[in-house]
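Here is a short report on one protein model.

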Amino acid sequence: MCAERGERLTGPRRLVLKALASSHKPVGAYEIMDMLAGGKGRPAPVTVYRALEFLMKQGLVHRIESRNAYLACAHNHDSDAIVAFLMCDSCGSVGEASTAAIAPFLAGIAKKAGFRHTVSVIEINGTCSHCRRG
Ligand SMILES: [Zn+2]
Ligand SMILES: [Zn+2]
């Protein structure tokens, strides 16, 4: 379903998603512009930001607030799903962890408070399995 949605993308949206998907680390908006720079020059910031905005609404891209960067989503979840990121302090990689076990619990807490969450991101800092081995 993710791929289907991705295929319907055109122009800058598709290019921005491709650039993000090719990186295992979160990428800042200006890095994306550098990655997309080619024969036609660098895309305008507004073009990239608009594409990011759209991709985030579709749930195809996540914003990592603490790093002011973006990450392509490899999972096929709802755009308002609760998402957990495992962020490595030594290599900078970010993995998306499944929240299937805790999401209903967290959603229940919000509901109890009469709160309707729109974006829920849990950032977990530490050392990834690759770095721990090295
Ligand atoms: Zn995701
Ligand atoms: Zn690491």
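Asn68 is found in the loop between strand E1 (61–64) and E2. Helices (H or I, at least four residues) and strands (E, at least two) are DSSP runs, numbered from the N terminus. Asn68 is not a glycine, yet its phi is positive, at about 50°. Most residues other than glycine have a negative phi.

This is a predicted model, in which local features need pLDDT of at least 70 and side-chain atom pairs count only at pLDDT 80 or more, while totals for chains, interfaces and linings use all residues. Residues are numbered from 1 along each chain as its sequence is written, chains are lettered from A and ligands numbered from 1 in the order in which they are written, and side-chain values use heavy atoms, with hydrogens and water left out.

**Zinc site**

The zinc ion (ligand 2) has four protein donors: Cys88 (SG), Cys91 (SG), Cys128 (SG) and Cys131 (SG). They lie 2.2 to 2.3 Å from the ion. Donors are N, O and S atoms within 2.8 Å of the metal (3.2 Å for Na, K and Ca); water is not among the atoms, so sites may look incomplete. The angles among the four donor atoms run from 106 to 112°, and the site is tetrahedral. That label requires four donors with all angles between 85 and 135 degrees. The ideal angle for four tetrahedral donors is 109.5 degrees.

Along the chain the donors follow the spacing C-x2-C-x36-C-x2-C. Distant parts of the chain are linked here: Cys88 sits in strand E3 (residues 82–88), and Cys128 in the loop between strand E5 (120–126) and helix H6 (129–133), 40 residues apart. Cys88 counts as buried because its relative accessibility is 2%. Buried means under 20% relative accessible area, exposed over 50%, partly exposed in between (1.4 Å probe, protein chains only).

**Two threonines**

Thr127 is in the loop between E5 and H6. Not counting residues up to four places away in sequence, Thr127 touches Cys88, Ser90 and Arg132. Contact means heavy atoms within 4.5 Å. Thr118 lies in the loop between helix H5 (103–112) and E5. The table sets out the accessibility of both residues.

| Residue | Relative accessibility | Class |
|---|---|---|
| Thr127 | 46% | partly exposed |
| Thr118 | 56% | exposed |

Thr127 and Ser90 are 37 residues apart along the chain, with their C-alpha atoms separated by 6.5 Å. Thr118 and Val16 are 102 residues apart in sequence and 23 Å apart in space, C-alpha to C-alpha.

Which residues of helix H3 (residues 29–36) are buried? They are Ala29, Ile32 and Met33. These residues are on the same side of H3 because they cover an arc of only 100° around the axis. The arc is that of the directions from the helix axis to the C-beta atoms. The buried residues of H3 pack against helix H2 (11–21), helix H4 (45–57) and strand E2 (69–72).

Arg13 lies over the face of Phe54, at 3.5 Å from the ring centre. A charge sits over a ring if NZ of Lys or CZ of Arg is within 6 Å of the ring centre and within 35 degrees of the ring normal.

**Overall fold**

The protein has six helices and five strands. From the N terminus on, the order is α-α-α-α-β-β-β-β-α-β-α. The C-alpha atoms fill a box of roughly 50 × 40 × 25 Å, taken along the principal axes. Of the 134 residues, 34% are buried. Among contacts between residues at least 6 apart in sequence, 51% join residues at least 24 apart.

How values were computed
Tetrahedral: all angles 85-135°; square planar, octahedral: opposite > 155°, others 65-115°.
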